[in-house]
Amino acid sequence: TGSGSGSGTRIGMGCAALLWGTILLACSCGPGPPRVGAAPLLSATYVLDDSNGLGREFDGIGAVSGGGATSRLLVNYPEPYRSQILDYLFKPNFGASLHMLKVEIGGDAQSTDGTEPSHMHYENDENYFRGYEWWLMKEAKKRNPKIKLIGLPWAFPGWIGQGENWPYDYPDITAYYIVSWILGAKRYHDLDIDYIGIWNERAFSSKYIKLLRYTLDKHGLEQVRIIASDRLWEPISFVMMIDSELHGVVDVIGAHYPGTKTVQNAILTGKKLWSSEDYSTFNNDVGAGCWARILNQNYVNGNMTSTIAWNLVASYYEELPFGRCGLMTAQEPWSGHYKVESPIWITAHTTQFTQPGWSYLQVDGHLEGGGSFVALTDGLGNLSIIVETMSHNHSQCIRPPLPNFSVVPQRATFYLRGSFSMVETLQVWYSRLDFESGKSVLFQQLQPVKVWRGRFSLDLNVDEVYTLTTLKTGWKCQFPEPPPPQPFPSNYRDDFNIRNPPFSEAPNFADQTGVFEYFVNASDPGDHVFTLRQVVVQRPITWVSDADQTISVIGNFKWVNMTVTCDIYIEKPRDGGVFIAGRVDNGGIYVRRTKGVFFWVFADGSYRVTGDLAGQEILMKGLAGVRDNAWHTLTLNIQGNSASGLLNGYPLWENVTISKPGNGWAALGTRSFEFAQFDNFHVE
């Protein structure tokens, strides 16, 4: 595999060389002499046998893009780095080698770290090229044609609710809208959606779920499976038990953050049980410990045959909610820097040695000294065993709280019976999360273990993961180091002059309420043909409390002094309005409480300077003479604790005192859900 970095001829990637590890080779005389002065190691035996049949069918390990805008900054990474990131996530036998990709069906509304655009902003509108989830699904399929695709809405465009913040009053409209997305995926991108969800972490309607199944079948989508309800085990499990028609149309019960536990009703339904969103933890080694523990214990404790991480890749400004809660980090497209975090290699321990359609073995799975193991087979003689010994303090997920437990060093002896009794050697892959020195070992291949008379032993320490497998296809691949991290450029401009943009949104702008898209102004004489336009004109059926204003943020959250300039065009007569802003301190689910320095102009000719997005904290106001349907240039200058504003290059207001916030992003937006355009954005 080449001689590492020293060999100048090796191109592309160097793959991990074999490391010789300390695996005990079992022999008939039992364990060796006890270590001098050490307490005898706790020992226990475990039997792996398929002669009495198998356990549940395994459905795969996956991750979520969306819920929301979690992949926002990934799209404008330069090559080759963008492709490298995608390889680490999706390429089989390479990195995380994910089996499933779950994406948000954009609903034009805030869904955690931003908004994702809908394929139908308005009732008479359909566009299957907005946002980046289509692109991401195609990139995943390109690398792994067998990857399973899941779609789930967090929010819906306002027209679906006909003015009510509720998607179930007109269930036929909602079903038509969701089925349109599935049909569009096939028609425009040749993507087959495998599973469809109901409404993320919100109420379900039995009537709607049945109507969705009917609408799917009517459009020839019988193969699309329904998952419900992406919230808790109840009440969906109980309702399925008493409503046989609902039981007949729900294929998978998906619960979020189940803490590795399920409930009796869910088991009694006889349906597949998934942890359809989990993890959501900062991606350091504790996050890796959380992920290692739940990947095993969701099945061992809760019979769950799929675990899906939120989120796939942390590609959003880190100061937004749940910063770096992805399997890896790619939040700097301007530098090309990204980081393959330890959860990627923890994922590989399961994904590289199993496939959807394999089956779990019927074993208890709890280790005597704490920790767990699972064993899976393809039914053709292959066997993969994944063992984890994560300690309590090194494996806490963000939620739910983790009850105390202890893990101690131990010797585990496994007996292979049934069709595995002929196995002679197992390949070994090993990780150790080291919280003392910080020198963790991640996904290293060790010397194969010899199975002697159908048994082998492992000496397990705390905070380790082992995979023992008959498969020889495991591979730890690594690209050369990406470029070093750099802050967002301190001088940044975008004139939006792009005739055929690869994506519908301008790079680095992170929409937090509303949707800002590239727009071609056919009627413009020439200066403003290509602009950025806010296009959501009715409050969506929200998932959280979107602001009453629209806003998109950009830049470096640490910025203190800045000058923001932008050409603006108010489209809404009388009460329309737009703003530019600096030191913007909030976004995501907290967007309503955003503070900063906001410079507003309105169609009635007035202007305001406020300390908040809501416009309550007025620092200055007056007349500007701006009118709708005309271009004007706004400039906002913030230095220390003072701000000033220019209109069309002339001073309009100055010496406004700013106490806080002391730093934040630049931003632009509108007074309400209204059309407006922006051009020649510049921040310095």
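The model is a predicted one, in which local features need pLDDT of at least 70 and side-chain atom pairs count only at pLDDT 80 or more, while totals for chains, interfaces and linings use all residues. Residues are numbered from 1 along each chain as its sequence is written, and side-chain values use heavy atoms, with hydrogens and water left out.

**The helix pair**

Helix α8 (residues 285–300) and helix α9 (residues 342–351) pack at an angle of about 20°, with their axes 8 Å apart; helices here are DSSP runs of H or I with at least four residues, strands are runs of E with at least two, and both are numbered from the N terminus. Axes are lines fitted to C-alpha atoms, for helices over the stretch in contact, and angles run from 0 to 180 degrees between N-to-C directions. The angle makes α8 roughly parallel to α9, a term for angles under 35 degrees. On the α8 side, the contact (heavy atoms within 4.5 Å) is made by Asp285, Gly287, Ala288, Trp291, Ala292 and Leu295, and on the α9 side by Ser342, Pro343, Ile346, Thr347 and Thr350.

**Two aspartates in loops**

Asp59 lies in the loop between β2 (42–48) and β3 (60–65), and because its relative accessibility is 6%, Asp59 counts as buried, that is, under 20% relative accessible area with a 1.4 Å probe and protein chains only. Asp251 is placed in the loop between α6 (244–249) and β8 (252–256). The table lists polar contacts of their side chains, a polar contact being a pair of N or O atoms within 3.5 Å, of which, within protein, one must be able to donate a hydrogen and the other to accept it, and residues adjacent in sequence count only if both atoms are side-chain atoms.

| Side chain | Partner | Distance |
|---|---|---|
| Asp59 | Lys272 side chain | 2.8 Å |
| Asp59 | Thr305 side chain | 2.7 Å |

Leaving aside neighbours within four places in sequence, Asp59 is in contact with Met100, Lys272, Trp274, Thr305, Ser306 and Pro356. With that same exclusion of neighbours within four places, Asp251 is in contact with Arg213, Arg225, Ile226, Lys271 and Lys272.

**A phenylalanine in a strand**

Phe598 lies in strand β30 (residues 595–602) and, because its relative accessibility is 0%, counts as buried. Beyond its neighbours within four places in sequence, the contacts of Phe598 include Ile551, Phe579, Val584 and Leu613. Phe598 and Gly640 stand 42 residues apart in sequence and 16 Å apart in space, C-alpha to C-alpha.

Definitions and conventions: Angles under 35 degrees count as roughly parallel, over 145 as roughly antiparallel, 65 to 115 as roughly perpendicular and the rest as oblique. Buried means under 20% relative accessible area, exposed over 50%, partly exposed in between (1.4 Å probe, protein chains only).
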